[in-house]
Amino acid sequence: MVDSRNEFGSGRDSWEASRRYGLHHAIVNGNTAYAAWRDAGMVVLDVTDRGKPTPIVHRNWSPPFGGGTHNCLPLADRELLVVLDKAVLDHQEDGLKLIWVFDNRVAANPVSIATLPTPAEADYKSKDGHFGPHNIHENRPGSFVSSKFIFATYQNAGIRIFDISNAFAPKEIGALVPPQPSRLADTRPNRARVIQSADVFVDAAGLIHATDYNGGLYIMELS
């Protein structure tokens with residue numbers, strides 16, 4: 001385990017009560033693990049010794065940005081990292097959340113070089129539910145693997161596909177915003193009947209599977 005006091009500079013007693021610090025999950029590439037620590041940002045670890053991970057670098061851009069780091073996806077063949085911050089409150093009350101592209105040529109010094117474009121064809125911020133990234137396809141073994149296309153869910157803005165061939169100028173190339181769900185699966189009181197596209201997986205044939213915790217499962221393909 002990584003000692004949170006050593007890695008983040010203080011013990012949990014000093015953490016702000018309004019912020020969420022904790023490991024969501026890590027993606028391992030070779031002997032390097034890229035860990036998403038929510039409001040504590042990204043921690044990169046040397047896991048050559050699987051029983052004793054050692055820190056390589058810690059990056060946190062919250063504040064000034066809103067935190068919620070959820071996925072840290074290495075694209076090793078291009079020496080890039082794609083890092084997603086998850087929106088967790090309605091109407092962007094937790095700030096604008098972004099999907100970042102990092103230059104990862106130097107493992108100890110990842111540098112942000114771009115962000116993926118935020119959906120802007122509608123006023124999603126004013127709509128009910130969360131607006132912002134939730135998850136990206138993680139290039140898991142046996143799935144569709146690409147260092148060019150990024151598949152992301154954007155909650156009330158549906159499913160988005162980005163082309164990062166030019167890592168400095170990512171562009172959106174496809175989107176699907178599902179219709180209002182016929183019933184509400186969210187059991188919290190006073191929740192709006194609205195889509196909330198959540199997790200995404202692209203199979204080896206290129207079919208995109210996206211879950212919605214109000215609307216169920218959508219299966220689609222990029223035309």
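Predicted model: local features only at pLDDT ≥ 70, side-chain atom pairs only at ≥ 80, totals over all residues.
**Figure 1. The whole chain, before we zoom in.**
Welcome to the overview! The secondary structure of this chain comes to 1 helix and 15 strands. Its radius of gyration is 17 Å, close to the 17 Å that the globule rule gives for 223 residues, so the chain is as compact as a globular protein of that length. Along the principal axes, the C-alpha trace spans about 50 × 40 × 30 Å. Buried residues account for 48% of the 223 residues. Take the contacts between residues at least 6 apart in sequence: 46% of them join residues at least 24 apart. The accessible surface comes to about 11000 Å², and 51% of that belongs to carbon and sulfur atoms.

**Figure 2. Strand S7 and its two partners, S6 and S8.**
Here we follow strand S7, which covers residues 99–103. On one side, S7 pairs with strand S6 (residues 80–85) in the antiparallel sense, over 5 bridges. S7 also runs antiparallel to strand S8 (residues 111–115), and 4 bridges join these two.

Is S7 mostly covered or mostly exposed? It is mostly covered, with 5 of its 5 residues buried. Look at one side of the strand and you will find Ile99, Val101 and Asp103; look at the other and you will find Trp100 and Phe102. Both faces are covered, and these residues are all buried.

A search of the whole structure finds 6 aromatic pairs. The rings of tryptophan 61 and tryptophan 100 have their centres 5.8 Å apart and their planes at 50°, so this pair is tilted. Tryptophan 61 sits in the loop between strand S4 (54–59) and strand S5 (69–75) while tryptophan 100 belongs to strand S7, so the pair ties together parts that are 39 residues apart in sequence. Both tryptophan 61 and tryptophan 100 are buried. Now turn to the rings of phenylalanine 65 and tryptophan 100: their centres are 4.9 Å apart and their planes lie at 85°, so this pair is edge-to-face. This pair also links distant parts of the chain, with phenylalanine 65 in the loop between S4 and S5 and tryptophan 100 in strand S7, 35 residues apart. Trp61, Phe65, Trp100 and Phe102 form one aromatic cluster.

Why does tryptophan 100 count as buried? Its relative accessibility is 8%, and buried means under 20%. Phenylalanine 65, at 35% relative accessibility, counts as partly exposed, because that class lies between the buried limit of 20% and the exposed limit of 50%.

Most residues other than glycine have a negative phi, and most peptide bonds are trans. In this view, the peptide bond from serine 62 to proline 63 is cis, with omega near -10°. A cis peptide bond also joins proline 63 and proline 64, where omega is about 15°. You can find proline 63 in the loop between S4 and S5, and proline 64 lies in that loop too.

Arginine 38 is not a glycine, yet it has a positive phi of about 50°. It is found in strand S2 (residues 32–38) and is buried, with a relative accessible area of 15%. Asparagine 139 also has a positive phi, near 55°. Look for asparagine 139 in the loop between strand S9 (131–136) and strand S10 (149–155), where it is buried, with a relative accessible area of 17%.

**Figure 3. Histidine 134 and its neighbours.**
Our last stop is histidine 134, in strand S9. Histidine 134 is buried, with a relative accessible area of 7%. Which residues does histidine 134 touch, not counting those up to four places away in sequence? Among them are His70, Asn71, Leu84, Lys86, Asp199 and Tyr213.

Methods: Residues numbered from 1 in each chain as written. Heavy atoms only, no water. Buried < 20%, exposed > 50% of the residue type's maximum accessible area, 1.4 Å probe, protein only. Pairing = 2+ DSSP bridges. Phe/Tyr/Trp six-rings, centres within 6.5 Å; stacked < 30°, edge-to-face > 60°. Rg over C-alpha atoms; globule rule 2.2 N^0.38 Å. Contact = heavy atoms within 4.5 Å. Areas by Shrake-Rupley, 256 points an atom, 1.4 Å probe, with all protein chains shown as cover.
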